[in-house]
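Visitor: I have the model open and would like to go through it with you. Where shall we begin?

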Amino acid sequence: MTQRISVLSIVLIVLCQLTLSAADPRPNIVFIFSDDHCEQAISAYDPSRITTPNLDRIANEGMRFNRCYVTNSICGPSRAVIQTGKYSHINGFKTNRDRFDGDQLTFPKLLQKAGYQTAIVGKWHLVSTPQGYDYYDVLKGQGPYYNPPMITAGEDGKPVTRKHTGYTTDIITNKTLDWLKNRRDGDRPFMVMFQHKAPHRNWMPGPKYLNWLDDVTIPEPETLWDDYSGRTQAASRQQMTIRAHLTDRDLKLQGYGTMNAEQIKVWDAAYGPKNEAFLKVRDQMSETELVKWKYQRYVKDYLRCVKSVDDGVGRVLDYLDESGLSDNTVVIYASDQGWYLGEHGWYDKRWMYEESLKTPLLVRWPGKVKAGSVNEDIVSNLDFAETFLEIAGVEIPSEMQGRSLVPILKGQTPSDWRQQFYYHYYENPGAHNVARHYGITNGRYKLIHFYALEGQKLDDWELFDLEADPNELKSVYGSPQYATIQSKLTVELARMREQYRVDTDTNIKPPPKRNAR
Ligand code: CA
């Protein structure tokens with residue numbers, strides 16, 4: 001009798017679990033993330049250089065955010081902020097030299113605990129092995145554009161490196177689709193991070209787009225010829241100009257990266273004639289002509305990389321439609337930061353200036369987000385973890401420093417939503433020599449303090465009025481006309497540094513080199 005009862009109760013429990021999981025109404029989350037992809041290269045934001053029909057689909061069927069600011073405009077740190085919902089000085093990953101402490105609290109761990117399946121495919125870039133994921137298949141370090149080695153869990157659960165042949169953007173898309181189609185458990189909600197290396201430096205296009213844009217001229221930004229005279233010394237002491245700092249590898253005048261012989265043949269057929277035509281006239285070109293040529297070569301390669309990302313987004317959106325998943329899946333597109341497509345004469349990121357402070361953010365959530373809506377609130381990558389948790393109905397830990405975007409997505413911005421934002425960049429000495437700086441912006445005015453450069457202390461301040469000077473060409477710090485706003489922002493900046501428990505960061509000497517991974 002007792003045995004029969006226990007068998008019956010087991011059957012009941014199993015049935016109950018099956019019913020619960022089959023009826024689990026919690027939305028799925030597809031987080032699509034790219035590296036160094038700026039708004040200027042998404043047609044939903046700016047149609048002047050490229051058409052990205054698939055990214056635009058997310059915008060047209062969802063919400064486009066015009067003021068998504070990152071807390072620290074560089075690859076690894078941005079990813080650590082997203083994992084934790086905390087600023088760099090709290091999560092411990094301040095520069096690309098750091099190693100992510102995966103033992104700390106992260107949003108995928110909380111989703112997993114709540115019964116979500118979690119997966120990450122593509123660029124991870126946080127050095128330590130991903131934690132909180134049922135499945136991971138990630139690029140080793142930065143990852144090359146062709147034939148990437150990728151790390152996944154082997155049969156014993158330990159990380160193994162596997163080789164792949166092909167174009168990295170397509171491989172990451174294929175693997176994401178494979179996970180969605182064949183590897184996940186169809187009865188449970190999921191969160192998948194579909195993360196590209198592209199369009200990171202050195203902008204190597206896929207075979208399909210090697211000659212795309214050959215016959216067009218990309219418009220130059222207004223500030224391509226910026227002479228940095230209206231700002232403090234930091235702007236002129238950087239090393240990220242199209243004029244002087246792009247290498248022959250960046251410009252595709254030499255090097256094949258990790259391509260194999262077959263891929264090199266295809267590459268040479270496309271770039272060989274273009275390079276030959278350029279090299280014939282290079283010596284006769286003026287410096288201006290040379291900068292213009294470099295700009296075209298650089299921006300076209302960047303846009304070609306974006307095009308493959310957009311194609312992959314389209315394939316995943318199509319699969320969500322075909323499989324009937326679209327209606328209950330939130331699709332998010334973002335990048336780890338913005339980028340300079342020649343603005344101020346630059347490539348790269350790092351600055352608190354607009355192009356790299358902002359990152360694209362597009363969110364589609366059928367039935368919740370109004371199609372084609374545009375939002376101007378100040379939101380941040382600091383808010384992503386909190387947003388994912390609220391979507392999944394999981395309580396947001398009070399130690400997280402951002403705030404869920406769910407009310408905003410539903411068209412109801414809370415009355416006490418943030419009106420200003422704190423930014424902090426640390427990596428100096430470091431690549432491109434951008435001074436350490438922090439600052440505050442309310443979307444109209446921006447106050448920046450540069451405090452260390454090349455191991456020396458700085459005490460340089462800049463203030464911008466974005467309405468009068470949207471390109472941030474002339475700091476008005478110290479100008480009597482702006483005295484009131486300057487003192488207000490100075491007080492608020494100090495208050496925010498306290499609120500976020502910012503450390504003093506007095507050790508401005510170069511840190512020791514990280515051990516080999
Ligand atoms: Ca990046």
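Guide: Let us begin with α9, which has 36 residues and reaches 53 Å from its first C-alpha to its last, close to the 52 Å expected at 1.5 Å a residue. The expected span is 1.5 Å times one less than the number of residues in the helix. Helices (H or I, at least four residues) and strands (E, at least two) are DSSP runs, numbered from the N terminus.

Visitor: What kind of model is this, and how are residues numbered?

Guide: This is a predicted model, in which local features need pLDDT of at least 70 and side-chain atom pairs count only at pLDDT 80 or more, while totals for chains, interfaces and linings use all residues. Residues are numbered from 1 along each chain as its sequence is written, and side-chain values use heavy atoms, with hydrogens and water left out.

Visitor: Back to α9, then: is it mostly covered or uncovered?

Guide: Mostly covered, as 26 of the 36 residues of α9 are buried. Buried means under 20% relative accessible area, exposed over 50%, and partly exposed in between, with a 1.4 Å probe and protein chains only. Just after α9, Gly324 takes a positive phi of about 80 degrees.

Visitor: How do α2 and α9 cross?

Guide: Their axes come within 7 Å and cross at roughly 55 degrees, which makes α2 oblique to α9. Axes are lines fitted to C-alpha atoms, for helices over the stretch in contact, and angles run from 0 to 180 degrees between N-to-C directions. Angles under 35 degrees count as roughly parallel, over 145 as roughly antiparallel, 65 to 115 as roughly perpendicular and the rest as oblique.

Visitor: Which residues make the contact?

Guide: On the α2 side they are Pro53, Asn54, Leu55, Arg57 and Ile58; on the α9 side they include Lys307, Asp310 and Leu317. Contact means heavy atoms within 4.5 Å.

Visitor: Where is Trp212, and what does it touch?

Guide: Trp212 is found in the loop between β8 and α7 and is partly exposed, with a relative accessible area of 26%. Leaving aside residues up to four places away in sequence, Trp212 touches Ile50, Leu303, Arg304 and Lys307.

Visitor: New topic: how many salt bridges are there?

Guide: The count comes to 38 salt bridges, a salt bridge being a side-chain nitrogen of Lys or Arg within 4 Å of a carboxyl oxygen of Asp or Glu. One of them joins Asp35 and Lys123, whose closest N and O atoms are 2.4 Å apart. This pair links distant parts of the chain, 88 residues apart: Asp35 is in the loop between β1 and α2, and Lys123 is in the loop between β4 and β5.

Visitor: Are Asp35 and Lys123 buried or exposed?

Guide: Both Asp35 and Lys123 are buried.
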